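Welcome! Please take a moment with the sequence and the model before reading on.

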Amino acid sequence: MNKSELISLIAMRNPHLYRTDVERIVETVIEDIEDALAQGGRVELRGFGIFTVRHRPSRAGRNPTTSESVFVEEKWVPFFKAGKELLGRLNRPNRSQPLPAREVGE
């Protein structure tokens, strides 16, 4: 599911909201998560998971095409840890098949 599909699904499930309002709400939530992470904070959505940032120090890397050694600068990367409820839904007992793909509007 991408952002436009999420907006469509929320708008469909909430017919009392205008689609433009739903778009604004989704954009605001995403921007607030981005802002919190950019400031080094963490975002916890109970039952869903936790977004944090992790530091990756500089290191020597390798160009896979030429096998040449290259320098990789330090960076901060987003990290997501799934919550207990989400993991429970993904790892139901007696499930031998992968989860079916859900269609927008289900």
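The model is predicted, so local features need pLDDT of at least 70 and side-chain atom pairs count only at pLDDT 80 or more, while totals for chains, interfaces and linings use all residues. Residues are numbered from 1 along each chain as its sequence is written, and side-chain values use heavy atoms, with hydrogens and water left out.

Rings of Phe, Tyr and Trp (its six-membered ring) pair if their centres lie within 6.5 Å; planes under 30 degrees apart are stacked, over 60 edge-to-face and the rest tilted.

| Pair | Centre distance | Plane angle | Class |
|---|---|---|---|
| Phe48 and Phe80 | 5.4 Å | 50 degrees | tilted |
| Phe51 and Phe80 | 4.9 Å | 50 degrees | tilted |

Where do these rings sit? Strands are DSSP runs (E, at least two residues), numbered from the N terminus. Phe48 is in the loop between strand S1 (43-45) and strand S2 (49-56), and Phe80 is in strand S5 (residues 75-82), so their pair ties together parts 32 residues apart in sequence. Phe51 belongs to strand S2, so its pair with Phe80 in strand S5 joins parts 29 residues apart in sequence. Together, ring pairs link Phe48, Phe51 and Phe80 into a cluster.

How accessible are they? Buried means under 20% relative accessible area, exposed over 50% and partly exposed in between (1.4 Å probe, protein chains only). Phe48 is partly exposed at 39%, Phe80 is partly exposed at 33%, and Phe51 is partly exposed at 22%.

One more ring meets a charge. Arg54 lies over the face of Phe79, 3.4 Å from the ring centre; the rule asks for NZ of Lys or CZ of Arg within 6 Å of that centre and within 35 degrees of the ring normal.

Definitions and conventions
Helix = DSSP H or I, 4+ residues; strand = E, 2+ residues; numbered from the N terminus.
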